[in-house]
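Here are a few exercises to work through with the model open in your viewer. Try each task yourself before you read its solution.

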Amino acid sequence: MVAGRYFPPLFSVAPMMEWTDHHYRTLARLISKHAWLYTEMLAAETIVYQEHDLDRFLAFSPEQHPIVLQIGGSNLENLAKATELANAYSYDEINFNCGCPSPRVAGHGCFGVRLMLDPKFVGEAMSVIAAKTNAPVSVKCRIGVDDHDSYNELCDFIYKVSSLSPTRHFIIHSRKALLNGISPADNRRVPPLKYEYFYGLLRDFPDLKFTINGGINSIDEVNAALLEGAHGVMVGRAAYNNPWQTLAYVDSAVYGVPSSGVTRRQVLKEYEVYGEAVLGIYGKKPTVRDVAKPLLGLFHSEPGNGLWKRRADAAFMHCTTMKSFFEETLDAIPDSVLDAPLAEAPSRSENPFANIRDVLPPPYKEREQEVLYA
C-alpha cells in the first residue's frame, strides 16, 4: 500500500478534459476500489482566480481516493499558488501537464506539450510545485514534439527535469505530439506508438518510476505491460467508453484482490443516490444529462445498448431527476445484463510488448554539462 493507505498506481485512468469530472470518477470508484483516478486538467490560473469558489473545481468525495490533481500552466507564481490552494483538499499526488497537444493549451500561454521543449522551466515548475505540497509530484508528457522526437531528446528531458527537481514519477504517452494544426483526436492516432522508447527509459533511469500510456485498451494489455516491467499503466478512453469491461477487472486481475461481485444494477442504484444529491447544486447545473453522461458506455456491446442510448437521448430533454431518467431508460437493458456477475476477463492473443526488448533504442548517456548550464 502507498503510505500504508493505497495500493501503488499499477492502473490509473488518464486525465481527460470534459470527461474525468466528478461524475465519472464517482462511477469509476463504484466499479473499482483501487484504480487511481485523475481529475481533468485544471489550469493554475483557474484555481487562483476562483479562490473563493474552489469547491466547484477541487472538491471530491472521500471515496474517490486515491486521486491525482493534474494542473497546467506556465506561470511559476500561479503554479505555486494553485498548489498551495489545493492542499486543503488532500489530493494523493499533484501531476503537471506536459503532454496536452490541444491548441487551446499548447497554443495559449505556452503550456501543455510545448513545455517539453523547455525542460529547464519544467524542472523549475516541479520544484515550485513540490515546495508547496506534501503530496508526491509527477509529470505527464509525450515522447517528443514535432521534429524533436529522438530517444536522446526524450532522455534529455527526463534527465534534466529529474535532476533539477524532486520529480521521480513520469507518465509517458508513447506517441509524440504534432503541433502543426492537427486535432487532439488525430494526435491520439496519427503519430505512431513507440513503446520501445518507454522501455528504454526503464532501462536508462532505474531510479525513477514510469507509467506507460497510449493505445492500451484491455486488462490483458495492462498486465502484459506490467509483466515487461512498467511501474504502472494508464488507460484513457477505453476506461471511459467501456468502463465495465475495463474497470470491473482492475481490482481482481491487476491488484489481486477478490472481486466485489457487484452488478451493474447495483452500481446504478448507488449512482442514482449520488446523482439525486448533486443535481442543481450550482444553480441549473449539473443537469440530468451532465450526471448521466458517464453512464452511456456502461452497456457497451451488450444487448439493448443502442435502444438504451436512444432512450437516454430522449429522456435528457425532459427528465429532472435520476429516478425518472432510469425509469424511462433501463427497461431497454435485459435483466440478464443488469444482474450478471462479472465474467472472466476477455483474453486477447496479441501482446504489443512481447518482443519489446529486442527493439530498444541504444542506451542513453546523460550530458551533465547540459543540465548544469542549460
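The radius of gyration here is taken over C-alpha atoms, and the globule rule is 2.2 Å times the number of residues to the power 0.38. This is a predicted model, where local features need pLDDT of at least 70 and side-chain atom pairs count only at pLDDT 80 or more, while totals for chains, interfaces and linings use all residues. Residues are numbered from 1 along each chain as its sequence is written, and side-chain values use heavy atoms, with hydrogens and water left out.

**Exercise 1. Overall fold**

Task: Check the radius of gyration of the protein chain against the globule rule.

Solution: 
- Start with the rule: for 374 residues, a compact globule would come out near 21 Å.
- Now compare: the protein chain has 21 Å, which agrees.
- For the extents, the C-alpha trace spans about 65 × 50 × 45 Å along its principal axes.
- Then look at burial (buried means under 20% relative accessible area, exposed over 50%, partly exposed in between, with a 1.4 Å probe and protein chains only). Buried residues make up 53% of the 374.
- Finally, count elements as DSSP runs numbered from the N terminus (helices are H or I, at least four residues; strands are E, at least two). That gives 19 helices and nine strands.

**Exercise 2. Helix 1**

Task: Is helix 1 (residues 22–31) largely enclosed or largely open?

Solution: 
- Nine of its ten residues are buried, so helix 1 is largely enclosed by the rest of the structure.
- Among the buried ones are His 23, Arg 25 and Arg 29.

**Exercise 3. Two arginines in a row**

Task: What do the side chains of Arg 264 and Arg 265 pair with?

Solution: 
- Arg 264 sits in helix 14 (residues 264–278) and, at 4% relative accessibility, counts as buried.
- Its side chain makes a polar contact of 2.8 Å with that of Glu 302. (A polar contact is a pair of N or O atoms within 3.5 Å; within protein, one must be able to donate a hydrogen and the other to accept it, and residues adjacent in sequence count only if both atoms are side-chain atoms.)
- Arg 265 is partly exposed at 24%.
- Asp 335 and Arg 265 meet at 3.0 Å, N to O; Asp 335 is in helix 18 (residues 335–338), 70 residues apart from Arg 265.
- Asp 339 and Arg 265 meet at 2.6 Å, N to O. Shared partners join Arg 265, Asp 335 and Asp 339 into one network.

Key:
Salt bridge = Lys/Arg side-chain N within 4 Å of Asp/Glu carboxyl O.
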